[in-house]
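I wanted to go through this model element by element and keep a record of what I looked up. My notes are set down in the order in which I made them.

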Amino acid sequence: MAVKKGTQPAMIRDYMPRFRKRAFFLTILMQIAVTLAIGCALLISGVTMPTVPFWITLIAILAASTGMNVLLTSQLLLPFTDLMSAITHISGEPTTTTPPNPNARHFERDGFKPVLQLIYELDTRDESGEAKDTSQTSKLTKALDNTAAGFVVMTAKGQILYANSKAPTHITPEGKRVLELIFNDETSLDSWLKDCEEHAVHADRTWERIPNKIIGEENRKIYDIVASYQKGSEAEVVLTLLERTAEYQPEDDDLDFIAFAAHELRGPITVIRGYLDVLGDELSLDGDQAELMQRLVVSANRLSSYVNNILNASRYDRRHLKIHLKEDSITDIYDTISDDMQLRASSQNRLLSVHFPDDLPTVAADRGSVSEVLSNLIDNAIKYSNEGGMVAVGASTEGDFVKITVQDHGIGMPASVISNLFHKFYRSHRSRETVAGTGIGLYISKAIVESHGGKIEVRSTEGEGSTFDFTLPIYSTVKDKLGVSKGSNEGLIEHDEGGWIKNHAMYRG
């Protein structure tokens, strides 16, 4: 339809202000009419007011009733105002009004939430503002909603174009639909999309055990995700989400029980280690007796380490891994575990070589946590080395970080093992058969390092050995941040919307 010269096309956003004015005008006009009718009735009936003039009484009645009716009308118009705001938003018209958020608590209380959600889901306009042809897509949409899998179509920038009912999405206060997933992998969906946009024409990626919420939150679900990227396509990124909560959740429940049991074991283990220390100091042992005592000490320390790992893994899954960092040196940190590491190496007939340069800068670290990482990595290197093999521990400066390296020349690992190495409870088939362990030492080591603002990596060749590297920030580079946060690591770690420390990569669309 042609628009007459000198006139502006009608806009949806302009309707509500006109309707509101008309509603208030009619409310006031009706109240004036009612007041006049009451006045006429009083005059006809001969009612008199001896102390107050009759016209003042009418004006008072008119003012009071008009104010109450205007207030009542404004409240009754609120749902209609929100409805028109949502319609304006999905229409694509420019507007300065923030669209209503259906997740707001008052919408849940009054039952208006489903109405707003339906309005947003009825948005059938593409990025250019042109209406889409829904004659064919409506059946496809219904079919996808009836599947057990979640499907999401999005741009490489992360904008969601379509999500079926099984996909873990929600609508932000700005009215934008977003996908909510927590990636434990270093390569989150967000970083993968950026890499694809810069370097790929076609790419595929799979993630396993990706939850939408942290442990303990209601309606937590766990997914396996397959992502496909095709540069320039109308459906540039397609995600398929298979819910595997029933399969994966029992392991999280097991960790809860194990953490409780580990907490109860912590006290007795501490007592055992204390008595072993006393016996070692008081008794004069030699030969086989001294060797047996050494083995007892090593075993008790290892058991204590396993318990600490379990408790830390439980806290990490709930994002409670908040630590306080202080200026410290790698040499001093290692000294706290050096005797135990040498005992472990000698008891298994391994050679342990440790060398830290004298000019190595100090780091920002929680001594107990970093010593746990070193202990885990060195212990693994000892266990997976060959008889009489060498384990080398060193450090160097790399930019704003100190890189610590633990290298062995043992059995090594194939690529299929490395890709899953830092997952909770993961142990390869070969290691389960030959080496004892809980499968969470590297998982919690990764958590600790990332909570310091660093990274942990591994390089390995099957049959030749493995090298683990992790970094810690140089103290002078983060001193100011730590001063502001009073030593808390929160200043070094990203935060999500809820304010928790972001040890996991949270993707929110």
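**Entry 1: ground rules.** I am working with a predicted model, in which local features need pLDDT of at least 70 and side-chain atom pairs count only at pLDDT 80 or more, while totals for chains, interfaces and linings use all residues. I number residues from 1 along each chain as its sequence is written, and the side-chain values use heavy atoms, with hydrogens and water left out.

**Entry 2: the antiparallel sheet.** I took helices (H or I, at least four residues) and strands (E, at least two) as DSSP runs, numbered from the N terminus, and I took two strands as paired if DSSP finds at least two bridges between them. In what order do the strands of the open sheet with antiparallel pairing lie? I read five strands in the order β2-β1-β8-β7-β6. Because β2 (160-163) and β6 each have a single partner strand, they stand at the edges, and one side of each is left without a neighbour in the sheet. Neighbouring strands here are turned by 15 degrees against each other on average, direction ignored; for such angles, axes are lines fitted to C-alpha atoms, for helices over the stretch in contact, and the values run from 0 to 180 degrees between N-to-C directions.

I then looked at helix α6 (residues 189-199), which packs on this sheet and touches β1 (150-154), β6, β7 and β8, contact meaning heavy atoms within 4.5 Å. The direction of α6 makes about 175 degrees with that of β6.

**Entry 3: pairings inside that sheet.** Strand β6 (residues 202-211) pairs with strand β7 (residues 222-230) in the antiparallel sense over eight bridges, and I found proline 211 with isoleucine 222 in β7 as its bridge partner. Seven bridges, again antiparallel, join β7 to strand β8 (residues 237-243). Along that pairing, aspartate 224 has leucine 242 in β8 as its bridge partner, and tyrosine 229 stands opposite valine 237 in β8. The two strands β7 and β8 form a hairpin with six residues between them, and glycine 232 in the turn has a positive phi of about 85 degrees.

I also noted arginine 209, which has a positive phi of about 60 degrees although it is not a glycine; its place is in strand β6.

Which sense of pairing joins β10 and β12? I found β10 and strand β12 (residues 390-398) pairing in the parallel sense over five bridges, with valine 354 opposite valine 393 in β12. By contrast, β12 and β13 run antiparallel and are joined by eight bridges, and valine 391 stands opposite aspartate 408 in β13. These two strands form a hairpin with two residues between them, where glycine 399 in the turn has a positive phi of about 65 degrees.

**Entry 4: α10 against α11.** In helix α10 (residues 338-347), I listed Ser338, Asp340, Met341, Leu343, Arg344 and Ala345 as buried, where buried means under 20% relative accessible area, exposed over 50% and partly exposed in between (1.4 Å probe, protein chains only). The axes of α10 and α11 come within 10 Å and cross at roughly 10 degrees. That angle makes α10 roughly parallel to α11, since angles under 35 degrees count as roughly parallel, over 145 as roughly antiparallel, 65 to 115 as roughly perpendicular and the rest as oblique.

At the contact, Met341, Arg344 and Ala345 in α10 meet Ser375, Ile378, Asp379 and Ile382 in α11. By class, I have four nonpolar, one polar and two charged residues there, with Ala, Val, Leu, Ile, Met, Phe, Trp, Tyr, Cys and Pro counted as nonpolar, Asp, Glu, Lys and Arg as charged, and the others, Gly among them, as polar.

Asparagine 349, in the loop between α10 and β10, has a positive phi of about 60 degrees although it is not a glycine. At 41% relative accessibility, asparagine 349 counts as partly exposed.

**Entry 5: cysteines.** How many disulfides does the structure hold? I found zero disulfides, a disulfide being a pair of cysteine sulfur atoms within 2.5 Å. Cysteine 40 is partly exposed, with a relative accessible area of 45%, whereas cysteine 196 is buried, with a relative accessible area of 2%.
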